[in-house]
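Good morning, and thank you for making time for this presentation. Please look at the sequence and the structure first; I shall then go through selected features.

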Amino acid sequence: MLRVLKRIFYTTLMATLVFAAAPISAREDTVVIGAPTTTAFRNNPLWATSSADFYVFPLILPGLTWFDDQMNPVLALAEDVAISDDGLTYTFTLPENATWSDGEPITAADVKFTWELKSHPALLALPQPPAGRGDITLVAGVEAYSSGQADEISGIQVIDDRTVSFTLNAPNFLFLGNATLGILPKHILGDVDPAEIVNHPYMEMPNVTSGPYMLTEYERDNFWRLEARADYWGKPANITHVIVRAFADNQAQMAAMEAGEIDVTAVPVAEVERFENLDGVNVVSRSGLGYYVLHFNLSAPRVVENCSAETAAEAYTGRAPLDDVRVRQAISFAIDREEIIDVIANGQGTRIFSSIFGPDWLDNSGLEAYDYDRERALELLAEAGWTLNEKGDRLVNDNGEPFRQLVYVAQAGQESFDLGILVQDYLGAVGIPVEIRLTTSSNFLPTVFGEEWDLARNVGGTLGRDPSESARFYRTCAGWANAIGYSNPAWDELMSRGAATTDLTERAAIYNEASRILNTELPSLFLMAPNVAWAVSDRIQGFTGSAGGYITWNLTSWMIG
Amino acid sequence: MLVYLLRRLLMAIPALLGITVGTFLLISAAPGDPLLAYASIDSTDHSQLERARANLGLDDPLPVQYFRWLGNIVQGNLGRSLVTQRSVAGEIATSFGVTVRLTAAALVLSSLVGVGVGVLSAVRQYSLLDYAFTLLSFLGLSVPGFFLGLVLVAVFALQFELFPTSGMSTLTLPPDASVWDRFWDSTRYLVLPVITLSAPNAASLARFTRSSMLDVLNQPYRTTARAKGLRERRVLWRHLLPNAILPVITIVALRLPHLFGGSVVVETIFNFPGMGMLGVRAAIDKDYPMIMGITLIFSVLLLVSNFIADVLYAAFDPRVRYD
C-alpha cells in the first residue's frame with residue numbers, strides 16, 4: 001500500500017515538474033493586450049460600453065472618427081470631412097477603395113444604416129437600449145425617427161456611395177467627437193428585422209470588418225483574436241496578430257502582466273510601483289481626464305422624471321443644511337485634496353477646481369483653489385449659523401440643534417471605501433458626522449435617484465477633452481446625468497455658447513466664466529483628475545497611452561522588436 | 001429499488017420548487033435595478049425605461065412574475081438576460097463545460113489525495129506523518145479558497161514561474177500546435193485552480209477516510225484475515241479498504257455541490273469564464289433571469305449529487321434495502 005502511494009506521489013510530482021518545465025513556445029508575432037471585463041457586455045459596437053469594447057472595436061469596426069491620445073477627434077473610417085460655414089452640416093467622404101473584409105465596398109449607406117439602427121424605436125424599447133459611444137441626438141430628425149414619426153433620419157443624407165452628410169439641430173463643436181459610433185455592414189444586417197437584430201449571429205461574432213483587423217475568434221469572457229487584413233485599404237498594421245484577453249479580476253490582470261503573459265495593460269495608479277522596477281516592462285503614465293468628484297444632493301428626485309426649467313429652479317434648493325452655499329464651501333475647505341491624491345491615486349493626479357479642465361487653452365484664472373483650511377471652514381460654517389459645541393465634536397445651531405449626519409454613497413470598492421473614510425475624517429474634524437453607505441453597481445443609480453443621500457461619489461467616467469462635455473452633468477433637466485438636480489440658467493447659456501463657438505480665445509473666456517460659477521456654487525466637491533498609467537512589455541515599440549484610456553488608438557503603428 | 005428511485009426523483013420536485021421560490025424572493029428583496037445597472041446616463045430617458053419595465057413585466061406582482069417564469073421553465077425556456085439580452089440557456093451552455101472541466105478535475109484530484117492521505121494517516125496513526133497530514137487537513141479546511149488561490153499564484157506562478165497565473169490556455173500557441181500540445185498546455189492552466197478548488201475537499205475526505213479506516217483497523221475480520229496468513233497489503237486492499245471506503249463514497253458525492261460552489265471563487269481568481277463567473281456578474285447586475293437560471297442548474301446538480309450518493313450507498317452496501 002505504502003509503496004503504491006509513494007509511486008503515485010512521485011509520478012504526480014514528476015508529471016507536475018514536466019508540465020511546469022515544458023511551456024510550449026509561444027509565437028513572437030503577436031501582441032497580447034489585457035482588458036478589464038468586469039461588466040457584462042455584448043460583442044457589438046451598438047452597445048460598446050466597457051473598456052474592452054473600446055480596445056477592440058476601433059480596430060475592427062471603426063466609426064467615422066475616433067480619438068487621438070489627447071482625446072481630440074480624428075478621422076478614422078472617413079477620409080475627409082467638410083464643415084459648413086454655419087457649423088450645421090458635416091459632410092464626410094469615405095476612401096475610394098474601402099472594402100469590408102468580405103470584399104463588399106464600404107458605402108455611405110452603411111453609415112446611415114448604422115445610425116438609424118442605433119436610434120430605431122425597436123432597439124430603444126429593449127431593456128438595455130444601445131449605448132455605444134456618441135450622442136446621436138445632436139443630429140436633426142433623430143427624435144422624429146426614434147418616436148416612429150419618420151421612416152428615416154432626415155438629418156443624414158446619402159449624397160453618393162462615398163459621401164454622407166449630417167445636419168445638426170444646432171451648431172455643435174463636439175459633433176466630430178460624437179461621430180465615433182462603429183459602422184456596421186448594411187449588406188449583412190440590412191434585411192434583419194431590427195426587433196430581432198440582437199439575436200443575429202453577427203451581433204455576437206462580427207466576422208466581417210471594416211478596420212485594419214479581422215476578428216477571427218472570440219470567446220466570451222476569455223479573448224478576442226484579431227488578424228491584420230491583407231486586403232486592408234488604408235495604412236496596413238505592423239503587427240499581424242493581436243489578442244485582447246479578458247480579465248474579470250484586476251489582480252489576475254496585474255499578475256498576468258507581471259508574469260509576462262500579456263504585453264500591455266492599463267494599470268491603476270495605486271499599482272504603478274509594482275511594475276516600475278520590473279525587468280522587461282516599461283511604465284507609461286500621463287495626466288488623465290477621469291473626473292473624480294463628490295456630488296451634493298441638491299434636488300428632489302421627482303425633477304429627474306418631470307423636469308422643466310420652472311420645476312428645476314423651484315426644486316433646486318438642496319437638502320438642508322447643504323442648501324446653504326457657505327456650508328458647501330466650508331466642506332470644500334475642510335477637504336485635503338493633496339492627501340486624497342496621495343491616498344487614492346498614489347500621489348499621481350491633478351487637482352481640479354470645477355468640471356471644466358483638460359486643454360491647455362483654458363483660462364483658470366480667478367478660481368478658488370480650496371486649499372485645505374479647517375479654520376476657514378469653521379468661519380464659513382459660523383457665518384451659516386453653525387458653531388462647534390462645547391466638546392468641539394459636533395456643529396450646533398443657535399437653537400442647540402446638532403448638524404444632521406450626512407450620508408456618503410458610492411459603488412462598493414476599495415477606492416470608494418478609502419475616500420469615504422477620508423471624508424468622514426475631514427468632516428468629523430469640523431463637527432459634521434458622516435455615514436458611509438456602499439452599494440452594488442445595479443443599486444447605485446436607484447440610490448442616487450432616491451432622497452437618502454448627501455454626498456455621492458460619481459461613477460468614474462472620463463470626460464472628453466473638450467470642456468463642453470461636462471455640460472451634461474450640470475445642465476438644467478439634463479436627465480440622469482444631472483441626477484443631483486443642479487440648475488442655473490446662466491450656466492446653461494454659457495455652455496450652449498461654448499459648444500457653438502470655434503474661436504479658442506472666445507471659448508476660453510466663456511468657459512472661464514462657467515468654471516467660476518461651478519467653483520463658487522459647488523454643486524459638487526471637485527477633487528482631482530487621476531493620472532492614467534500603463535505597463536508595456538519592452539518588446540513593444542511605439543506605444544502611446546491615450547488620456548481617455550483608449551489603449552489601441554494607435555495600435556497599427558506599434559511594432560514588435 | 002426502482003420504486004425507491006422514483007420516489008426520490010418525485011421528492012426532488014418540491015425541493016427544486018422551494019429553492020426557486022426562495023431565490024426569487026431573495027433577488028426581489030435585494031436592492032438595485034437591473035435596468036439601471038448599465039443605463040447610459042447620457043442617452044436613456046426615463047419614460048423609455050418605464051416602457052421597457054412594463055414590457056418585461058417587472059411591474060407585475062411577485063407571484064405573477066414567478067409563475068410566468070415557472071411557466072416558461074416548464075416549456076424549457078430559461079428566458080433572456082436583462083443585461084445582454086442573450087438567451088440564458090445559451091449563456092449557461094457555453095460556460096457549463098468550463099465549470100464541469102474544473103470541478104471534475106478537482107473531484108478526481110481531491111478524491112485520490114483525500115483517500116490516500118486518510119489511509120496513510122490511519123495506518124500510521126500517531127506517527128509524525130499522521131500529525132503532519134492532520135495539520136495540513138486543518139489548513140486545507142480553514143484557509144479560504146480566494147486566499148489559497150492568491151498564495152499559489154504568488155508562489156508558483158509569479159515567484160517560480162512554474163504555471164500560468166490565470167486563463168484557460170496559451171492564446172499565442174502556433175496554429176500548427178498538435179492536439180497533444182494543446183492538451184498539455186490547457187492542463188498546465190488547470191493545475192493551480194484545481195489545487196485551490198480541491199484543497200478543502202481533499203482535507204475533509206482525508207479526515208473522513210482516516211476515521212473510517214481507524215474503525216475497520218480494529219475489526220475482528222482483520223485479525224481473521226491475518227490469521228489466514230494473508231499478506232498485510234492484501235489485508236489492507238481487499239478486506240479493510242472496501243469496508244472503510246463505503247461511507248467515504250457517499251461523502252464524495254455529497255461534497256460535489258461544494259465543488260460547484262467553490263468554483264465561483266476559483267473561476268474569478270483564475271479568470272475561468274465558467275458558470276461561477278457568470279453567476280457573480282449576474283448577481284452584481286441583479287439580472288433576475290440569469291440568476292434564476294444559474295440557481296436552477298446548480299440546484300439540479302445538488303439534488304443529482306444527493307441522489308447519486310443514495311444510489312451509490314445502496315449499490316455498495318448490500319445491507320441497505322429500500323422497500
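I begin with a definition: contact means heavy atoms within 4.5 Å. With that in place, Asn201(B), leaving aside its neighbours within four places in sequence, is in contact with Ser110(B), Arg255(B) and Leu259(B).

Some conventions are needed. This is a predicted model, in which local features need pLDDT of at least 70 and side-chain atom pairs count only at pLDDT 80 or more, while totals for chains, interfaces and linings use all residues. Residues are numbered from 1 along each chain as its sequence is written, chains are lettered from A and ligands numbered from 1 in the order in which they are written, and side-chain values use heavy atoms, with hydrogens and water left out.

Let me stay with chain B. Asn201(B) lies in helix α8 of that chain; helices are DSSP runs (H or I, at least four residues), strands likewise (E, at least two), and both are numbered from the N terminus. Asn201(B) is buried, with a relative accessible area of 2%. Buried here means under 20% relative accessible area, exposed means over 50%, and partly exposed lies in between, with a 1.4 Å probe and protein chains only.

Ser198(B) also belongs to helix α8 of chain B, which spans residues 179–217. Its relative accessible area is 3%, so Ser198(B) counts as buried. Apart from neighbours within four places in sequence, Ser198(B) has contacts with Ala106(B), Leu109(B) and Ser110(B).

I turn to helix packing. Which angle do helices α9 and α10 of chain B make? Helix α9 (residues 220–227) and helix α10 (residues 232–269) of chain B pack at about 150°, with their axes 10 Å apart. Because of that angle, α9(B) is roughly antiparallel to α10(B). Axes are lines fitted to C-alpha atoms, for helices over the stretch in contact, and angles run from 0 to 180 degrees between N-to-C directions; over 145 degrees counts as roughly antiparallel. From α9(B), the contact is made by Tyr221(B), Arg222(B), Ala225(B) and Arg226(B). From α10(B), Glu232(B), Val235(B), His239(B), Leu240(B) and Asn243(B) take part.

Further along, Thr250(B) is found in helix α10 of chain B. Thr250(B) is buried, at a relative accessible area of 12%. Its contacts, neighbours within four places in sequence aside, are with Ala309(B) and Tyr313(B). The C-alpha atoms of Thr250(B) and Phe307(B) are separated by 9.9 Å, although the two are 57 residues apart along the chain.

Now to chain A and its backbone. Where does Tyr370(A) sit? Tyr370(A) is in the loop between β14 (349–351) and α14 (374–383) of chain A. Its phi is near 50°, a positive value in a residue other than glycine, and Tyr370(A) is buried, with a relative accessible area of 5%.

Leu522(A), not a glycine either, has a positive phi of about 50°. Leu522(A) occupies the loop between α19 (504–521) and β20 (524–537) of chain A. Is Leu522(A) buried or exposed? At 1% relative accessibility, Leu522(A) is buried.

Finally, helix α8 of chain A covers residues 250–258, and its buried residues include Ala252(A), Met254(A) and Met257(A). After α8(A) comes Gly260(A), with a positive phi near 80°.

Technical notes. Angles under 35 degrees count as roughly parallel, over 145 as roughly antiparallel, 65 to 115 as roughly perpendicular and the rest as oblique.
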